[in-house]
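Could you walk me through this structure as if I were meeting it for the first time?

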Amino acid sequence: MLPIPRALLLAMALLVASGPGATAQPLPGPEGPVLLTLSQPGGQTIRLDRAALAAFPATSLRTTTIWTAGPQTFTGVTLRDLMTRIGAGGQALRAHAVNDYAIDIPWSDVTSGTALIAYTRNGQPMSVRDKGPLWLVYPYDSDPVFRQETHHARSVWQLDRIEVIP
Ligand SMILES: Nc1nc2c(c(=O)[nH]1)N[C@H]1C(S)=C(S)[C@@H](COP(=O)(O)O)O[C@H]1N2
Ligand SMILES: [Mo]
């Protein structure tokens with residue numbers, strides 16, 4: 001067998017790594033408590049701790065909600081940024097909460113970038129008692145559509161698991 005130069009092997013490995021699934025790169029495993037588990041049919045199950053969530057592009061959203069008093073600043077990662085990063089696609093997402101509440105979120109809420117997985121509210125991490133540590137929120141003040149029952153039902157607090165529905 002002919003020896004293959006190391007540099008060529010490295011170049012080949014890089015090509016594979018940046019190939020067609022360039023957005024679906026492996027994420028580092030969790031070191032802290034897992035806040036969110038993502039599962040996709042036929043794909044890997046991804047467990048994200050706070051550090052992994054904070055490593056995604058952060059989005060902030062200022063809005064009032066029916067559950068809080070006065071304008072709130074939520075910071076987190078949009079479903080769009082998260083799904084793009086893991087290379088996931090489907091019809092919907094099924095979002096589960098620690099209390100076994102679950103609801104389907106149509107993919108249009110992913111692509112629109114309006115659904116935010118918030119990990120802080122007014123700059124502070126949210127306790128489970130305070131609807132955390134993750135709360136799926138929408139820009140309620142920006143459009144009456146977000147102030148209807150449909151989007152209230154999608155506003156899952158104590159979010160802990162998301163399943164991609166193909
Ligand atoms: N974790 C969790 N999030 C949830 C729910 C729930 O039971 N658990 N109910 C949803 C529904 S159906 C609606 S309409 C609103 C209800 O908010 P309310 O209980 O303040 O009326 O929250 C949504 N988010
Ligand atoms: Mo509801």
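Here is a short tour, from the sheet to the ligand.

Keep in mind that you are looking at a predicted model. Let's begin with the sheet, which is open and built from five strands in the order β2-β1-β10-β5-β6, with mixed pairing. The strands β2 (46-49) and β6 (102-106) each have a single partner strand, so they stand at the edges and one side of each is left without a neighbour in the sheet. On average, neighbouring strands here are turned by 20° against each other, direction ignored.

What holds strands of a sheet together? They pair through backbone hydrogen bonds, and the pairing can be parallel or antiparallel. For an antiparallel case, look at β5 (residues 92-97) and β6, which pair over five bridges. There you can find Ala-92 standing opposite Pro-106 of β6.

Helix α3 (residues 79-86) lies across β1 (34-39), β2, β5, β6 and β10 (159-165), and runs at about 60° to β1.

Next, turn to ligand 1. Among the residues surrounding it are Trp-67, Ala-97, Tyr-101 and His-152. Helix α5 (residues 149-154) gives the largest share of this shell, three residues.

Taken alone, ligand 1 exposes 530 Å², of which the protein buries 66%.

Definitions and conventions: Residues are numbered from 1 along each chain as its sequence is written. Chains are lettered from A and ligands numbered from 1 in the order in which they are written. This is a predicted model: local features need pLDDT of at least 70, side-chain atom pairs count only at pLDDT 80 or more; totals for chains, interfaces and linings use all residues. Side-chain values use heavy atoms; hydrogens and water are left out. Two strands pair if DSSP finds at least two bridges between them. Helices (H or I, at least four residues) and strands (E, at least two) are DSSP runs, numbered from the N terminus. Axes are lines fitted to C-alpha atoms, for helices over the stretch in contact, and angles run from 0 to 180 degrees between N-to-C directions. Contact means heavy atoms within 4.5 Å. A residue is near a molecule or strand if one of its heavy atoms lies within 4 Å of it. Accessible areas come from the Shrake-Rupley method with a 1.4 Å probe; for residues, only the protein chains shown count as cover.
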